[in-house]
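Please keep the sequence and the structure in view while reading.

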Amino acid sequence: MAHIATHSTVIDEFAARYVYFYAGYHFAPRIFAFAEAARANLRRTIPALILWGVTNELAVRCGYSGLPAVSLLLGFAGAAAVVAFSALLAEAHVLPSLAWLGARSMVVYLAFFLPMAATRIALLKTGLIVDGGVIALIVTAFAVHVHIFVRTATLATPFEFLFERPLFFRTGAARLPAHTGQQALSAARRQ
């Protein structure tokens with residue numbers, strides 16, 4: 001809410017998003033419970049998503065979205081809407097590639113920033129595309145695909161640790177190599 005502006009993109013972006021990052025870490029069990037409740041109760045989830053969309057749009061159009069407390073509340077409401085909508089997509093088994101990305105969301109999130117920033121700067125400097133929504137779509141798609149490409153290129157190399165937790169840092173059942181766990185999950189789904 002402080003709107004920190006140090007003229008350092010790294011510091012400013014960290015400050016702007018840290019509260020959400022920490023809240024996701026701290027409230028993870030509640031967030032998963034919320035996702036499960038959203039998935040299990042379509043009659044409440046769909047109207048709640050519509051209400052969120054209308055409320056968010058009104059707050060933006062009326063100029064309230066930039067106010068410190070309102071901005072924070074809208075940010076958390078938006079995050080809740082994304083969780084609820086994602087739970088609905090998962091329930092519908094739509095776009096299985098999103099499930100794969102969701103299982104790696106922390107790595108995608110951490111590896112997303114540099115390609116996103118570079119693409120955004122390139123698009124804005126060229127001026128070829130002026131629509132903010134189109135720029136956001138291109139930037140997001142490019143940054144996610146760069147992550148997938150780099151992750152694929154580093155598999156079975158010394159740089160694999162960038163995307164998969166090394167075995168010596170794992171505990172319990174997670175001590176299995178990532179590909180073994182994925183094979184077991186695929187086998188269980190086939191049965």
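In this predicted model, Glu57 and Arg61 both belong to helix H3, where they sit 4 residues apart, about one turn of the helix. Their side chains meet in a salt bridge with an N to O distance of 2.3 Å. Glu57 is partly exposed, at a relative accessible area of 37%, whereas Arg61, at 68% relative accessibility, counts as exposed.

The salt bridge between the side chains of Arg39 and Glu91, at 2.9 Å from N to O, links distant parts of the chain, since Arg39 lies in helix H2 (residues 28–40) and Glu91 in helix H4, 52 residues apart. Arg39 counts as partly exposed at 26% relative accessibility, and Glu91 is partly exposed with a relative accessible area of 38%. The count of salt bridges comes to 4, and bridges that share partners join Glu36, Arg39 and Glu91 into one network.

| Salt bridge | N to O distance |
|---|---|
| Arg39 and Glu91 | 2.9 Å |
| Glu57 and Arg61 | 2.3 Å |

Turning to helix packing, two packed helices are described by the angle between their axes and the distance between the axes. The axes of H3 (residues 42–61) and H4 (residues 68–92) come within 10 Å and cross at roughly 145 degrees, and H3 passes H4 in a left-handed crossing. The residues in contact include Leu49, Trp52 and Asn56 of H3 and Gly78, Ala81 and Phe85 of H4; by class, this contact has 11 nonpolar, 3 polar and no charged residues.

For H1 (residues 9–26) and H6 (residues 105–126), the axes come within 12 Å and cross at roughly 160 degrees, and the two helices are therefore roughly antiparallel to each other. H1 passes H6 in a right-handed crossing. Here Thr9, Glu13, Arg17 and Phe21 of H1 meet Met106, Tyr109 and Phe113 of H6, a contact that has 4 nonpolar, 1 polar and 2 charged residues by class.

Key: Residues numbered from 1 in each chain as written. Predicted model: local features only at pLDDT ≥ 70, side-chain atom pairs only at ≥ 80, totals over all residues. Heavy atoms only, no water. Axes fitted to C-alpha atoms, helices over the stretch in contact; angles between N-to-C directions. Left-handed = near helix turned anticlockwise from the far one by under 90°. Contact = heavy atoms within 4.5 Å. Nonpolar A, V, L, I, M, F, W, Y, C, P; charged D, E, K, R; others polar. Parallel < 35°, antiparallel > 145°, perpendicular 65-115°, else oblique. Buried < 20%, exposed > 50% of the residue type's maximum accessible area, 1.4 Å probe, protein only.
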